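Subject: Structure handover

Dear colleague,

Here is the structure I said I would pass on. My notes on it follow below.

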Amino acid sequence: MGVLGELVKLQEVDSALLELEYLKGDLPEKVEEMSERINHLVASIQQSEMRLIEINLEIRKIQGVESDRKSKVEKLQDQLYLVKTNREYDALMAEIDHLKNEIDEEELRELQLSEEQDRLEEQLKLDKTQNKETAVELEKQKKELKKTIQSTEEEHKTLTAQRDKIAPNIGVRHIGLYDRVRKARNGVAVVPVTN
């Protein structure tokens with residue numbers, strides 16, 4: 001049998017191998033896509049959890065500073081009754097107003113942080129739910145892919161062995177050309193001609 005006969009045999013084997021790949025369908029891509037989605041969700045969850053820790057620390061710090069400033073305001077207000085001149089009174093009032101402005105700014109910042117915390121907690125809950133659902137679906141897809149691979153594994157080994165037997169009978173130059181044409185033509189490089 002000549003090179004053409006061997007190429008026809010090789011094409012038959014490669015076509016059978018291609019059919020086995022089609023049986024898998026888009027499962028490998030789905031599994032890969034879901035794995036990437038899970039990795040993204042896990043990263044998002046970790047980032048949200050870290051930010052929540054930072055927010056809690058910052059809120060506690062602000063609350064401590066607010067408490068100190070409120071104590072100072074109370075002390076200054078008590079001192080108002082002890083002042084003897086208008087200048088001292090004005091100085092204490094200016095200090096009290098300044099502290100009250102700082103307290104207002106801190107309360108505003110605390111409110112902003114609390115709103116961010118609420119948004120993050122909501123997003124975190126959503127991400128965790130999506131992560132669980134995606135993980136369940138991923139396991140299902142992996143099992144289906146594994147089942148498909150196992151059902152075709154023996155046939156794949158047999159066809160690969162046949163391909164390995166046929167390929168050495170064809171020259172390297174012809175195999176190279178065959179492989180290039182096969183890749184360009186969706187797996188078909190040689191077709192039979194009738195009449």
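Glutamine 141 is found in helix α3, which covers residues 86–166; helices here are DSSP runs of H or I of at least four residues, strands are E runs of at least two, and both are numbered from the N terminus. The residue numbers count from 1 along each chain as its sequence is written, and side-chain values rest on heavy atoms, with hydrogens and water left out. This is a predicted model, in which local features need pLDDT of at least 70 and side-chain atom pairs count only at pLDDT 80 or more, while totals for chains, interfaces and linings use all residues.

Glutamine 141

With a relative accessible area of 7%, glutamine 141 is buried (buried is under 20% relative accessible area, exposed is over 50%, and partly exposed is in between, with a 1.4 Å probe and protein chains only). Its side chain makes a polar contact of 2.9 Å with the side chain of glutamate 137. A polar contact is a pair of N or O atoms within 3.5 Å; within protein, one must be able to donate a hydrogen and the other to accept it, and residues adjacent in sequence count only if both atoms are side-chain atoms. Setting aside neighbours within four places in sequence, glutamine 141 is in contact (heavy atoms within 4.5 Å) with Leu27, Lys30, Val31 and Met34.

Overall form

The C-alpha trace spans about 120 × 35 × 30 Å along its principal axes. Of the 195 residues, 27% count as buried. Among contacts with a separation of 6 or more, 82% are between residues 24 or more positions apart. The accessible surface comes to about 14300 Å², and 52% of it belongs to carbon and sulfur atoms; areas come from the Shrake-Rupley method with a 1.4 Å probe, and for residues only the protein chains shown count as cover.

Salt bridges

A search of the whole structure finds 14 salt bridges, each being a side-chain nitrogen of Lys or Arg within 4 Å of a carboxyl oxygen of Asp or Glu.

In helix α1 (residues 3–24), where glutamate 6 is placed, lysine 9 and glutamate 6 meet in a salt bridge at 3.9 Å, N to O. The two lie three residues apart, about one turn of the helix. Glutamate 6 is buried at 9% relative accessibility, whereas lysine 9 is partly exposed at 35%. The side chain of glutamate 6 also makes a polar contact of 3.5 Å with that of asparagine 169.

Aspartate 14 forms a salt bridge with arginine 182, the closest N and O atoms being 3.5 Å apart. This pair links distant parts of the chain, with aspartate 14 in helix α1 and arginine 182 in helix α4 (residues 172–184), 168 residues apart. Aspartate 14 is buried, at 3%, and arginine 182 is partly exposed, at 22%.

In helix α2, arginine 51 and glutamate 54 are three residues apart, or about one helical turn. They form a salt bridge with the closest N and O atoms 3.2 Å apart. Arginine 51 is partly exposed at 22%, as is glutamate 54 at 41%. Elsewhere, salt bridges that share partners join Asp14, Arg163, Asp179 and Arg182 into one network.

Other points on helix α2

Glutamate 58 lies in helix α2 and is partly exposed, at 26% relative accessibility. Not counting residues up to four places away in sequence, glutamate 58 touches Arg51, Arg109 and Leu113. Glutamate 58 and leucine 113 are 55 residues apart in sequence and 8.3 Å apart in space, C-alpha to C-alpha.

Leucine 57 is in helix α2, which runs over residues 27–80. Met50, Ile53 and Leu57 form a nonpolar patch on the surface, with about 310 Å² of accessible area together. Patches are made of residues with over 30% relative accessible area and no salt bridge, with like charges joined within 9 Å and nonpolar side chains (Val, Leu, Ile, Met, Phe, Trp, Tyr) within 5 Å.

Regards
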